Amino acid sequence: MLILIVCTEGESSEPAFIRQYGRCALGQIHPDIEIVEIPLGGNHGHKKIFEIANKKIEELKQSDDSILSLIDPESDIALQKIIICDYDKMEKHGITEDDFRNAAAENEFQLIINKPNFEFFILAYLTNFEYASKIKPSNYLAEINTAIDVLNKENHSVKGLPEALDIPHYDKNRYTSEKFFSNLLEYNRSELDQKFCAHEPCIQEKQYTQMKNLITLIQEHSKEKQYNE
């Protein structure tokens with residue numbers, strides 16, 4: 001069994017995406033993989049984020065309410081630690097991307113960076129990298145919701161979905177984030193994944209997202225589940 005521990009700076013959007021993606025791709029119950037999302041309570045700074053993440057993980061290992069409490073030297077459970085964070089002008093805060101990636105490796109985390117932020121990923125996921133890269137960060141929210149309006153219209157006309165199942169406009173409110181990703185991934189995940197994962201991100205670009213790494217990892221386990229069934 002694999003437990004995928006995904007730590008996020010964000011309290012709402014990132015955990016909601018991870019939770020809903022896992023639900024849609026893997027189903028409610030999966031015998032071989034469990035995804036545990038751990039919000040870290042905001043931006044702690046790039047120099048402390050791994051310390052905070054490891055502390056949260058250790059706390060969950062001591063909690064009877066967490067699947068992480070089942071881990072012991074005798075158990076047949078593998079752990080994979082992932083951390084998702086925004087670029088957030090890290091050089092201005094005294095750390096280079098290379099140093100940050102080295103720190104992630106030293107702490108045994110797979111690092112996923114969204115540059116400049118998670119909203120860039122959402123816009124690229126809904127449209128494409130080329131389009132998203134031309135948009136100013138201050139306009140991400142408006143562009144995301146314009147793309148959602150287009151997608152809802154397509155879902156009405158092509159898939160015959162009623163307005164009651166519309167994807168709501170995106171914002172960082174906890175409830176809205178959950179509903180946004182729930183409906184988006186329930187009705188449009190396959191086609192969005194195919195388009196998004198066809199692009200290979202380059203971390204040398206001015207704007208990039210490495211969320212493809214997490215999506216393809218979950219996809220691989222989803223395919224294993226279907227094969228085993």
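Analyst: The model is a predicted one. A helix here is a DSSP run of H or I with at least four residues, numbered from the N terminus. N145 lies in helix 6, which spans residues 140-157.

User: What makes N145 count as buried or exposed?

Analyst: Buried means a relative accessible area under 20%. N145 has 11% relative accessibility and therefore counts as buried. Apart from neighbours within four places in sequence, N145 is in contact with H169 and Y170.

User: Why are D88 and K89 given their exposure classes?

Analyst: D88 has a relative accessible area of 29%, so D88 is partly exposed. K89, at 52% relative accessibility, counts as exposed. D88 is placed in the loop between strand 3 and helix 3, and K89 is found in the loop between strand 3 and helix 3 as well.

User: Which peptide bond is cis, and what is its omega?

Analyst: Most peptide bonds are trans. The bond from K115 to P116 is cis, with omega near 15°. P116 belongs to the loop between strand 4 and helix 4.

User: How do you know that strand 1 and strand 3 pair?

Analyst: Two strands pair if DSSP finds at least two bridges between them. Strand 1 (residues 2-8) and strand 3 (residues 78-86) have seven bridges and run in the parallel sense. V6 stands opposite I82 in strand 3. Strand 3 is also joined to strand 4 (residues 109-115) by six bridges, and these two strands run parallel. C85 stands opposite I113 in strand 4, and the bridge partner of D86 in strand 4 is N114.

User: What makes strand 2 and strand 5 edge strands?

Analyst: The open sheet has five strands in the order 2-1-3-4-5, with mixed pairing. Strand 2 (33-39) and strand 5 (208-209) each have a single partner strand, so one side of each is left without a neighbour in the sheet. Helix 2 (residues 49-61) packs on this sheet, touching strand 1, strand 2, strand 3 and strand 4, and its direction makes about 140° with that of strand 3.

User: Why are helix 4 and helix 6 called roughly parallel?

Analyst: Angles under 35 degrees count as roughly parallel. The axes of helix 4 (residues 118-126) and helix 6 come within 10 Å and cross at roughly 30°. Helix 4 and helix 6 are therefore roughly parallel to each other. The contact involves E119, F120, I122, L123 and L126 of helix 4, together with Y140, E143, I144, A147, I148 and L151 of helix 6. Their crossing is left-handed.

Definitions and conventions
Residues numbered from 1 in each chain as written. Predicted model: local features only at pLDDT ≥ 70, side-chain atom pairs only at ≥ 80, totals over all residues. Heavy atoms only, no water. Buried < 20%, exposed > 50% of the residue type's maximum accessible area, 1.4 Å probe, protein only. Contact = heavy atoms within 4.5 Å. Axes fitted to C-alpha atoms, helices over the stretch in contact; angles between N-to-C directions. Parallel < 35°, antiparallel > 145°, perpendicular 65-115°, else oblique. Left-handed = near helix turned anticlockwise from the far one by under 90°.
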